[in-house]
Amino acid sequence: MSENEGVLFVPYKDTLGLLNVEDAMRLCEQVYAMHARGSVVLSNPPSFKLDVADGFNNHWHVKSVFLKDIPTTGVRIYNYFDDGVRNTVGGLGCTRYIVLSDPHSGEPVAIVDEHWSYAIRSTAAATVACKWVGPKNPKILGLVGVGTMGTNTLRCLSTMYKFDEIRCTSRQPQTRAAFAHKWSQALGIPVIPKDSAEEVVRGADIAVGGTT
């Protein structure tokens, strides 16, 4: 960082063009390999939390990691509202940033909005396992939940498989109907809304749960 330039700030809209679904899948697999090599150093404790429920329903989480192979070090911070009825943890209405620094000097590298990378890597980290232990040629996908995580699960799995049919359900009939309409047009295959999770998963080759 110089006095004239300051710290690089990467806003949400820019992150959408910097990380695509295929990259997220590839990077998650690389980080799993780093874990296997023992080159990932987690903070101690792994997570710091500040929860203020009474009157505020406010929650701070702070996590940090050092990746020796790159090398880089970063701190992930996020704040969300949760009163048991409304939870903003996965939406744009919460605070999410990653602060990166140079591990050789401690100098700041960037402050990056984390909304998109959180949403896509959370599902990529789970679905990449299908590459190794999942079915080889699944034709029917069942989605229980069609919110941020459910949608990104579909994005990730669609890079690995060519489905003939997708079934989906959610708490609200209108959300699953809208999801089915949008993705049937986008993918060019039937996306069928169902009234229950049982209807979705019965006979499906892959069944996954996300947010509604």
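Which side chain makes a polar contact with the side chain of serine 170? The tour reaches that residue at its last stop.

**Before starting**

The structure is a predicted model, in which local features need pLDDT of at least 70, side-chain atom pairs count only at pLDDT 80 or more, and totals for chains, interfaces and linings use all residues. Residues are numbered from 1 along each chain as its sequence is written, and side-chain values use heavy atoms, with hydrogens and water left out.

**The whole chain**

Begin by displaying the entire protein chain, which has 7 helices and 10 strands. Helices (H or I, at least four residues) and strands (E, at least two) are DSSP runs, numbered from the N terminus. Taken along the principal axes, the C-alpha atoms fill a box of roughly 55 × 45 × 35 Å. Of the 212 residues in the chain, 33% are buried; buried means under 20% relative accessible area, exposed over 50%, and partly exposed in between (1.4 Å probe, protein chains only). Among contacts (heavy atoms within 4.5 Å) with a separation of 6 or more, 60% involve residues 24 or more positions apart.

**Strand E6 and its partners**

Select strand E6, residues 108–113, together with strand E1, residues 8–10. These two strands run parallel and are joined by 3 bridges; two strands pair if DSSP finds at least two bridges between them. Leucine 8 has alanine 110 in E6 as its bridge partner.

The hairpin of E5 and E6 has 6 residues between the strands, and in it glycine 106 takes a positive phi near 80°.

**Backbone details**

Then select asparagine 57, in the loop between E2 and E3; its phi is near 55°, a positive value in a residue other than glycine.

A further cis peptide bond runs from isoleucine 70 to proline 71, with omega near -15°. Proline 71 is placed in the loop between strand E3 (58–67) and strand E4 (72–81).

**The largest pocket**

Select Val31, Val65, Leu67, Ile98 and Arg121, which lie nearest the centre of the largest pocket among its 33 lining residues. On a 1 Å grid over the protein atoms alone, a pocket is an open set of points where a 1.4 Å probe fits, with protein on both sides within 12 Å along at least five of seven lines, and lining residues have an atom within 4 Å of a point. The volume of this pocket is about 1,300 Å³, where grid points are joined across faces, edges and corners and a volume is the space filled by probe spheres set on the points.

Elements that give two or more residues to the lining include helix H1 (12–18), helix H2 (21–37) and helix H3 (115–127). The largest share, 8 residues, comes from H2. By class, the lining has 21 nonpolar, 7 polar and 5 charged residues. In this scheme Ala, Val, Leu, Ile, Met, Phe, Trp, Tyr, Cys and Pro count as nonpolar, Asp, Glu, Lys and Arg as charged, and the others, Gly among them, as polar.

**Histidine 115**

Within helix H3, select histidine 115. This residue is buried, with a relative accessible area of 11%. Leaving aside neighbours within four places in sequence, histidine 115 is in contact with Tyr12, Gly91, Leu92, Cys94 and Arg96.

The side chains of histidine 115 and aspartate 113 are joined by a polar contact of 2.9 Å. Such a contact is a pair of N or O atoms within 3.5 Å; within protein, one must be able to donate a hydrogen and the other to accept it, and residues adjacent in sequence count only if both atoms are side-chain atoms. A polar atom of the histidine 115 side chain also lies 3.4 Å from the backbone oxygen of glycine 91.

**Helix H5**

Select helix H5, residues 148–158, which is mostly covered, with 8 of its 11 residues buried. Among the buried residues are Met149, Leu154 and Cys156.

**Serine 170**

Finish at serine 170, in the loop between strand E8 (165–169) and helix H6 (173–187). Serine 170 is buried, with a relative accessible area of 9%. Its side chain makes a polar contact of 2.5 Å with the side chain of threonine 175, which answers the opening question. A polar atom of the serine 170 side chain lies 2.9 Å from the backbone oxygen of glutamine 172. Glycine 209 is 39 residues from serine 170 along the chain, and their C-alpha atoms are separated by 9.9 Å.
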